[in-house]
Each structure stands twice: as C-alpha cells, then as structure tokens.
Amino acid sequence: MSLSEETPGRFKIPRPASGLRRAAKRSLARLAGLAARRAGDPALRILTYHRVNASHPGDRLSVPPETFARQMEALARSGRLVVGLERAVAALRGELELPRGAVVITFDDGFRDNHDHALPVLRSFGFPASFFVPSALVESGRTLERYERCCAEDELMTWNEVRAVAAAGHDIGGHGRTHKELALLDAATLHDETHGCHREIAERLSLAPRFFCYPRGSESPSVRRAVAQAGFEAALTVAPGANSRGVDLFGLSRTEVAADDTLADFSRKLEGGFDGWHRLLRASHSLAGARASDGFPRHQHGRSVVR
Ligand SMILES: [Zn+2]
C-alpha cells in the first residue's frame, strides 16, 4: 500500500498489500472515523485523483469510471459542499466562510481520460474540480514514465481538451512542465519548470493559472518560493490530512483516492479516517529512509505489473 505515486523517490515494483495489512488499515480508519465524527471534522478536505479509466485494472491510480460515479454519488449524498480551489483558498485565507466538511476535488497529470470519463460525471453532479497539467507534455504525444510503452489510452489531453475542461467551469492548474521532481533540480531548471509552466498555461488558455501541484509531491522551501515567484497563489502536496484556516497555502494537504478503495473506504476518507494510517506510512518511510513509494506500477510489454 503506497501513500502515493506522487511520493518522490526511486521506482520499484510494488507488492500487493497483505490481507492483514488491509484489515489493520481499515480497522484504524474505522476508529479514526468515529473520532472524526465526534469532533465534527470542520476542516477542508482536498481529494486527489489521477486517472479515471477501465483500461488499467490493478493500477491503483486508475479509478474505474463506474467507481468514480458511485463515489461522486456518495459525496453528493453526504451533504458536504463541493467547492473549487478558488473558494477553498479564499476560505483558508479567512475571506469567506465554508460549511463544515467542505470538499475540493483534484486530478493530477492531465490524462485524456479525465476529459473523457471524469468530466461527464462531474457535470451530472454539478461538482467543480481542479486539473493539474504538466504543461510541456500536453498534446506532446508523450506520457508519464509510469505508463510508457503501454497503451494508446495513456496520452495526455490536447490543449483543446484542456480548454474544454476549463470551459466546463473547472480550474486548470500547473503541475510543472515535464513532471520532474522539483526538489532535486538546480535553480535554472526549477525556474523553467515553474515559471515556464505558468507562462505556457497562461498563453494556451489566455488565463493565468492560480494553483500548482508539486509533481510526485517533491518540494522544499526553495521549491515553494519558486512556485510563488512564478505567480501561483497556492500549491498542493501529497501530505495527508485536511486543511484549516491559517495553513501555509503552499503546503496544502490532500487525501488520495485509490482504485482499490471500497465505497466504505471512500466515505471514511471523507471523514479523515485514513489520515492516521497515511501519516504512519509516511513516518515509517522516513524512518526507513525509504523515499520510494511501493505504489508505482510499471508497465512492461504493455501489461501493468502493479499489485
Ligand atoms: Zn503527477
């Protein structure tokens, strides 16, 4: 079980989570969910999705369209207010009030399946979302390393498709130019990946992007400064948890939704039930010096080898 594909580090082929591990994770989530309900869970939660498709069974970052639709239905039934990042950030700045348990929906990486499969579902529920695109990879015919040499479905959106997403009322944010781990870069390359990303999106959409998402969660104080200097107003990490007023806007926490989440898991994630588990994983990775996620599927000869 990985924290996220976006966790920086070397690649390694993941091993399936054991039944015991899954049971422990869900038991902890149940207890934490009960505690969160008692506490009222007032903080803003930002959900992380990557891909929405049925082409990659076994890829934990590819949520099947039917599953995504059921999750959005559960979110609608939960009565939580779904807001765009613009309102969320304004609320975190103290400029407006949001009801308890408000939720933001985000998609990383700009895959075409976001346009094809996520957009119609979002439209049917009237939910706004943010889509973070690696600007130099859009319409490039290239895909992310994770899916190289796999499938035709693994292309990113074209700029026309990105514009269609924006025209549907969604927010388009930056995700670097080429999805590099920003904390590892020299100053000139970091400048190119942040300022260049801001400029390219602004030129293509005739609208400056306001928000950024660190590729693979790789960031540092100097990365945060570069992102701010590039013109972004806030940035999203892979750190787990919800966000309260006064939070560092360049260190926003998120909650990743995985393909193997049951509907009960999804509901517990909305309540913060998995935050403790995810923090435990991050701490254990840090202690072990293991910066790599075990959730990286690799495609070899066109076949996913994840889980
Ligand atoms: Zn990414």
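The largest nonpolar core holds 58 residues, of which Ala88, Val104 and Ala235 touch the most other members. The model is predicted. Beyond its neighbours within four places in sequence, Ala88 is in contact with Leu44, Val83, Ala102 and Val104. In soluble globular proteins, nonpolar side chains tend to be buried together.

For the protein chain as a whole, buried residues make up 47% of the 307 residues. The chain contains nine helices and eleven strands. Among contacts with a separation of 6 or more, 71% join residues 24 or more positions apart.

Helix H7 spans residues 221–229, and its buried residues are Val223, Arg224, Ala226 and Val227. These residues lie on the same side of H7 because they cover an arc of only 160° around the axis. An α-helix has 3.6 residues a turn, so residues three or four places apart point the same way. The exposed residues Pro221 and Gln229 sit on the face of H7 turned away from its buried side.

Just after H7, Gly231 adopts a positive phi of about 115°.

Definitions and conventions: Residues numbered from 1 in each chain as written. Predicted model: local features only at pLDDT ≥ 70, side-chain atom pairs only at ≥ 80, totals over all residues. Buried ≥ 20, exposed ≤ 12 C-beta atoms within 10 Å, placed from the backbone. Helix = DSSP H or I, 4+ residues; strand = E, 2+ residues; numbered from the N terminus. Arc of directions from axis to C-beta. Contact = placed C-beta atoms within 7 Å. Core = buried A, V, L, I, M, F, W, Y, C linked by C-beta atoms within 7 Å.
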